[in-house]
Amino acid sequence: MDTLSRIKDLASKEFSLDAASLDPSAPLDSFGIDSLAFIEFMFKIEETFGVSVADEHLKSIKTLGDLERQVAAALAQAGKA
Amino acid sequence: MATRRVAVTGAGVVSPLGSTLEGLHGALRDARSGIRRLEPAVAGGSGVQVGALADWNPAQTFKEAEAANLDRATQFALAATAQALSASTLPLEGRSERVGVHWGTGYGGAHTLETTYKHIYGANEWRTRPLTVVMAMSNAAASNIAVRHALRGPFANFATACSSSAMALGEAMRAIAAGRADAMIAGGSESLLTPATLAAWQALRTLAPADASDAGASCKPFDKRRGGLVLGEGAAAFVLEEESAARARGARILALLTGYGNSCDAVHMSRPDRDGQSRAMKEALAESGLSPSDIGYINAHGTATSVGDVVECEAINLVFGDAAARVPVSSTKSMHGHLLGGAGALEFGAALMPLMSGWLPPTAFLEEVDPACKVRHVPLRAEQVSPPRAVMSNSFAFGGSNVVLIAARP
């Protein structure tokens, strides 16, 4: 499974959403993911991928697509990509 | 302004004796105990032998991901509240600013904190779940109730140890009586059966060991053989409403909450005091406009500690005088254990049983009454009587807080 699919899969479980309907370019709050839910979700993303996304990059994440790019960058930096 | 009286129109329960009010009453009527030997995974190295775990399967109420974001105590609180609201059929639309939440808990999210500390101190693993704070804070249950049902009226969380949820009910009654709310969700929850909390309690040397022949019979209030309290967990929630509005909408009224007494011993952190207890009982009677002879049942605090049971019986005698020989007293902790911050609310639910059905809940396993506990007991088995005019529920806490509630037949 590619990175985006894994993120969608995690999001669908965490927020009881249909993975197929998750538009990677839609704002996270359109899925009901507020700031607190996002921080908790990031914690699980980092656990799952074994990476750490720096605080200064968190603010730029507005969509699942943004999240995928940050995770991919962190994976590359960690030599896991 | 005419006096605004307060009706109880819904109840919800999560307890070691079933997870409905009817289930609780049925178990009390049958003198069934929810106390069990604790599994090693719960007791850890604490040495605590028995406890009363709630009859609880989170999957029946919550999705897995949802349950993972709620402390066990908050899960209980939400489940009990949903039952109470559903039973009350209280319409909430368009009036949510007139409906509030008063909740009681001794501690809050102990499971959440203990899990976190286990990672940090046990495994030197400092990476911590971002939801830890909002799951563990002591108002987590109250706030989740408010958010889930959009209840925007008077809000408070009471943390006075074992009187917390009784205080929540009493203060909620006053909020309605004073016109600050038309209806309130009031109750309490607690879930402290975790290894570290059990170890702390065990250090106090107030917990009962397992009864050698029947673990379910380990808590024996008012009995010469009593060996201390047994910790339990659970929640109870009630819908309180201004009486005339409840009648106007045809609500089923379980009881009227008529009196609330609140006092502090201010003498000792753990030793109870009959003066403080009796002042709370007198205040609740005075507010209800009732005399001791109107009370047809007392649900005692009755934790089964050597000192506590005697002091409470002395306080009852001080307040009730000659009537003390006639008013039935029992401690249902013999069956559901001590729910600590949730105790007052659950036992208020138990105290409603005589009003609703005429059954007096017993003190289970009371075979050898301690002569120093001189009250009219309901030993071993429930008794059927004609429903009394009113009942009293006592909740006395470490730290000296005393709360007494009186409910009357509608």
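**Briefing: sheet, helices and chain contact**

In chain B, 11 strands make up an open sheet of mixed pairing, in the order E5-E4-E6-E7-E1-E8-E15-E14-E9-E10-E12. Strands (E, at least two residues) and helices (H or I, at least four) are DSSP runs numbered from the N terminus, and two strands pair if DSSP finds at least two bridges between them. The model is predicted: local features need pLDDT of at least 70, side-chain atom pairs count only at pLDDT 80 or more, and totals for chains, interfaces and linings use all residues. Residues are numbered from 1 along each chain as its sequence is written, with chains lettered from A and ligands numbered from 1 in the order in which they are written.

**Sheet of chain B**
- Strands E5 (155–158) and E12 (376–377) of chain B stand at the edges with a single partner strand each, so one side of each lacks a neighbour in the sheet.
- E14 (residues 390–396) and E15 (residues 401–408) of chain B pair in the antiparallel sense over seven bridges.
- Ser395(B) lies opposite Val403(B) in E15(B).

**Helix pair of chain A**
- The axes (lines fitted to C-alpha atoms over the stretch in contact, with angles from 0 to 180 degrees between N-to-C directions) of H1 (residues 3–15) and H2 (residues 35–49) of chain A come within 11 Å and cross at roughly 135 degrees.
- Ile7(A), Leu10(A), Ala11(A) and Glu14(A) in H1(A) meet Phe41(A), Lys44(A), Ile45(A) and Thr48(A) in H2(A); contact requires C-beta atoms, placed from the backbone, within 7 Å.

**Contact between chains**
- Chain B contributes five residues and chain A six residues.

Definitions and conventions. Two residues are in contact if their C-beta atoms, placed from the backbone, lie within 7 Å.
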